[in-house]
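Dear colleague,

Here is the structure that I said I would pass on to you. Please keep it open while you read, as my notes follow directly below it.

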Amino acid sequence: MRVLIRSFQQQGDQRIATERGLIGERLTIGRGTNQDVYTPDLRAALAHAEIVHDRRGPLLIAKSANGVWVNGAPVESAKLEAGDIIEVGRFRLEVIAVGGVPELVLGYEEKLSQAADLQARRSSLKTRLSQTRLSLRGLAWGLMLLMLTIGLLLPLALRYGSSPAGETPRDRSLAKSGIPFDDSIWLSGPVSSVHRYFVEDCAACHEAPFRQVRDSACLACHKDTAQHSDNTAMLNHPALAGQQCTDCHREHNGTHGISAQSPTLCTDCHANPDKEFAAAKLQPASSFSKAHPEFAPRIAAFDAKTGKFSFTKQRQPPATLREATNLIYPHDVHLNPKGIDSPEGKVVMQCADCHQADSRGVSFEPVNMEKHCSSCHRLDFDPDDPDRKLPHGRPEQIQGVVRDYYYAKALQGGVMDGSAPAVVQQRRRPGETLPRDSARAALDWADARARRTMVDVFERRTCHYCHEVQRSDDPLKAWSIAPVNLQEHALNGSRFDHAAHKAQPCSDCHGADQSKTSADVLLPDLKSCRECHGDTGSDRQVPSGCTLCHAFHIADSHHFGSPARGIKPQDAVHGAGAAKPAKVPAPTAKELPK
């Protein structure tokens, strides 16, 4: 880091500036003679503070227990911006410029001389109470009576001696004076925003005067709130038994202070769960930065015999995980910075082209073939009619569409195909009927053409690019496509908000541009999260308590982005409730490719 220091000195009516440059990893400030910025003042420590340069810019870090003052407020650390004022005793440093070359420009000057500073401090001393005629005991009694009058007697008089709506002249005059008519003068602090709607109804929580809020008052509204576990034995454990709502949720602590944030509420039990909760088989977690288990996403496996997926949690680094998707999708090909071929030419794709945030910003909308893929992967099947497209559905449905299409063409006539029978090539008037033999010949041609087209669609040109296609001997189901699993990995008992990370490029957490198969589980590992998130109290990373990702009331796991319950994975891709397609016989051996 390169630093330019401009020292200012007042000589008569002139302000003289001298400059010196420094190069190093840090700039030290203090009373010691070995410091880069020397501040000979007894209020400064020998090594009082230092300035380092991280990826966010210059960062001031206090080395003394007394802290350091920035812009008139004491801080332990602060990111420096142009215009910031750093005060160390009677010395002042001004941040003149940040960034560029050099990275930091500081102005340094002595606000007061040592003699002037001593005189200012002496003049600020006030006369002691013992030097006056006031009695300390009498003053204490007087203040107590004043507080008793303002805090108890006056509110009682206003509460029970005024009309409900302040209708009398006396009430209106008191209202103009700013004296409260309600009980707000007794409040110990602001009410949280979630309880603001009944702030005037104290009895909603305080069921009896001078009695602590009981669980019954909380559960009157929060009766459906889940417990910390669905295991009765665990809830009766001494570590949890007897816990009250107010042990963690204390009101009148500010608009957002209703929930306790201390990590010890979790680590008291989870640091050594085998000791207290051996039956739960929990992983120990005492610190996010040093002792936290690896993520355990739900990983899909596919049973080809039953045609169903099964899901199991696997706790290992995501880079080593593989799962069944039955989808052929190389991310690296689609994210090639040089672009990918499309009907309109080269297209450079981004993650957001397919992964679009939902209305909450927490997760993403499901990937849909018609919306996200069809612009490149077209579903036309007849070169003579490129605007006619197949539905993205089940194989039986596709076969029925193809067969019906060629049946209609054969019966209508006018097909420009030299290999077709004359009855198929011949044009006919609307409503004209064919003799039985001619109609049979036309339909035979349509069957043969439909079978050749389906071979082309399923095995050569369309479906096999993305799907696992299997040919069958069943004449009613000539082809089958394995169901697709496009789950967005759910981490049980945790939550993640993509909206809070929208400033980060996707590649910072998901290595999709290096993934050659859709079996890759493209989740970040703990190491990547720890680059930004640290423990509570961290001064170099985002302080992240347990409740940032984990909720206490977790009877139901948090699944974001998964298909709705009751809908099969293949339905989420191809559309549930589609009409059953017509049955099409399998192609003959002569029509299938070798």
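Asn-71 lies in the loop between strand S7 (68-70) and strand S8 (73-75), where strands are DSSP runs of E with at least two residues and helices are DSSP runs of H or I with at least four, each numbered from the N terminus. Although Asn-71 is not a glycine, its phi is positive, at about 55 degrees. Because its relative accessibility is 45%, Asn-71 counts as partly exposed, the class that falls between buried (under 20% relative accessible area) and exposed (over 50%), computed with a 1.4 Å probe on protein chains only.

Before going further, please bear in mind that this is a predicted model, in which local features need pLDDT of at least 70 and side-chain atom pairs count only at pLDDT 80 or more, whereas totals for chains, interfaces and linings use all residues. Residues are numbered from 1 along each chain as its sequence is written, and side-chain values use heavy atoms, with hydrogens and water left out.

His-252 also has a positive phi without being a glycine, here of about 65 degrees, and its place is in the loop between helix H5 (232-235) and helix H6 (264-270). His-252 counts as buried, because its relative accessibility is 18%. A further backbone feature is the peptide bond from Val-101 to Pro-102, which is cis, with omega near 0 degrees; Pro-102 is found in the loop between strand S11 (91-98) and strand S12 (104-110).

Turning to the strands, five of them form an open sheet with mixed pairing, in the order S4-S3-S5-S6-S9, where two strands pair if DSSP finds at least two bridges between them. The edge strands, each pairing on one side only, are strand S4 (37-38) and strand S9 (77-79). Within the sheet, strand S3 (residues 26-30) and strand S5 (residues 49-54) run antiparallel and are joined by four bridges, with Leu-27 standing opposite Ile-51 and Thr-28 opposite Glu-50. S5 also pairs with strand S6 (residues 57-62), in the antiparallel sense and over six bridges, and there Val-52 stands opposite Leu-59. A hairpin of two residues connects S5 to S6.

Helix H10 (residues 395-412) has 18 residues and, at 1.5 Å a residue, should span 26 Å, which agrees with the 26 Å between its end C-alpha atoms; the expected span is 1.5 Å times one less than the number of residues. Its buried residues include Pro-395, Ile-398, Tyr-405, Tyr-406, Tyr-407 and Lys-409. The buried residues of H10 pack against helix H11 (422-425), helix H12 (436-461) and strand S18 (479-481), contact meaning heavy atoms within 4.5 Å. After H10 comes Gly-413, with a positive phi near 80 degrees.
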